[in-house]
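Thanks for coming. I will go through one structure, a piece at a time, with the cut-offs stated as they come up.

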Amino acid sequence: MKEIIIDNNQLDKRLDSFLKGYLPNASGGFIYKMLRKKNITLNDKKAQGTEKLKLGDSVKIFFADETLEKFMGKELKAPKAKASFDYKKLGVEVIYEDSHIVLLSKPAGLLTQKAQPQDISLNDYLIEYLCDTGAITKDSLATYRPSVCNRLDRNTSGLVICAKSLAGARCMNSLLKDRNLDKYYRTIVEGKLSDSFTLKGYLTKDEKKNKVEITSEPINSASDYIETEYLPLEYLSDRNLTVLEVKLITGKPHQIRAHLSSIGHPIIGDIKYGGHKIAGLNYQLLHSYRIKYPNDLPEDFMYLAGKEYISKLPTAFEKVLGKG
């Protein structure tokens, strides 16, 4: 028998939805059958599955261990005692943490999320870090798995928002979806830009080439409207380079890289979008530098209102500026 005590990360979920997540290899029909037969109970009573879960509720599953493992899926079995990698050596920095969120600074070269099962990603770092610090346990991953809320390209460095709790995930994802969170990047582009400007256009992705195209009008129904603001910070006249702060208004794959390239100012090192190698760089020098939370937030997150968090520029950036 397995007993699960409901905490804040399962609060207000329907029982059937919770069970479908906990037992991903079981069909809905099987789950309802087990509820009818009282092989699954809620607070030791027969349940319909439509009940909303409350804090402290007890869900009991009366399966043999091997049956339970089968329906939970191999990925939810107890992990090995030790991680297959040393998360502390990934070069990730914790910028801020509370009971709901973690702000991490990702180095260039590390995936935000896995592309292949064997990949090591920032998500993997997050889980190992939270387990190591005691914020979560391996067993708790079966009912809620902390995760990143926004993604950066593999070779884009800097701030990534991660959710430790379901409430944190809901709040952060809502802010990102509604564009209520200000995200600023630092980069260096080829050529001279003197004035701040807001770029507007449409982005269309070529999945086969993993590349996007920027146009003034939509190409097809898959074209997304985009806006990118930039502010010149410094002109490096000896190399004809401009340091920019870029505010991401919309957030689409490769948006900043392709948008700047489309006006003839590609990011240095960004060979895919017309940039050239400088100081040995063979990837885009783009850094998620700071985020600023709005003043209007849900009551439980008002402690973040108006707060700003910064991830210091990486060594590669400082090297180009002649400061590293």
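Let me begin with Thr 41, which is found in strand E2, residues 40-42. Helices (H or I, at least four residues) and strands (E, at least two) are DSSP runs, numbered from the N terminus. Before going on: this is a predicted model, where local features need pLDDT of at least 70, side-chain atom pairs count only at pLDDT 80 or more, and totals for chains, interfaces and linings use all residues. Residues are numbered from 1 along each chain as its sequence is written, and side-chain values use heavy atoms, with hydrogens and water left out.

Thr 41 has a relative accessible area of 4% and is buried. Buried means under 20% relative accessible area, exposed over 50%, and partly exposed in between, with a 1.4 Å probe and protein chains only. Leaving aside neighbours within four places in sequence, Thr 41 is in contact with Ser 58, Val 59, Lys 60 and Phe 62; contact means heavy atoms within 4.5 Å.

Phe 62 is in the loop between E3 and H3, and at 40% relative accessibility Phe 62 counts as partly exposed. With the same exclusion of neighbours within four places in sequence, the contacts of Phe 62 are Met 1, Lys 38, Asn 39 and Thr 41.

**Helix H3**

As background, an α-helix has 3.6 residues a turn, so residues three or four places apart point the same way.

Just after H3, Gly 73 takes a positive phi of about 95 degrees.

**Helix H6 and the cores**

Now helix H6, residues 255-262. Six of the eight residues of H6 are buried, so the helix is largely enclosed by the rest of the structure. The buried ones are Gln 255, Ile 256, Arg 257, Ala 258, His 259 and Leu 260. Their cover includes strand E8 (182-190), E9, strand E10 (211-215), E11, strand E12 (241-248) and strand E13 (286-292). Just after H6, Gly 264 has a positive phi of about 85 degrees.

The largest nonpolar core has 43 residues, and those with the most contacts inside this core are Leu 104, Ile 188, Ile 256, Leu 260 and Leu 285. A nonpolar core is a set of buried Ala, Val, Leu, Ile, Met, Phe, Trp, Tyr and Cys residues joined through side-chain atoms within 4.5 Å. H4 gives the most to this core, with seven residues. Apart from it lies another core, of 22 residues, among them Ala 47, Ile 61, Leu 68 and Phe 71.

**Aromatic rings and cysteines**

How many aromatic pairs does a search of the whole structure find? It finds eleven. Rings of Phe, Tyr and Trp (its six-membered ring) pair if their centres lie within 6.5 Å; planes under 30 degrees apart count as stacked, over 60 as edge-to-face and the rest as tilted. The rings of Phe 197 and Tyr 230 have centres 6.4 Å apart and planes at 40 degrees, so this pair is tilted. The pair links distant parts of the chain, with Phe 197 in strand E9 (residues 197-206) and Tyr 230 in strand E11 (residues 224-236), 33 residues apart. Tyr 230 is buried at a relative accessible area of 9%. Phe 30, Phe 63 and Phe 71 form one aromatic cluster.

Last, the cysteines. The search of the whole structure finds zero disulfides, a disulfide being a pair of cysteine sulfur atoms within 2.5 Å. For Cys 131, the nearest cysteine sulfur, that of Cys 162, is 14 Å away. For Cys 162, the nearest is that of Cys 149, at 6.7 Å. Cys 131 counts as buried at 18% relative accessibility, and Cys 162 is buried at 0%.
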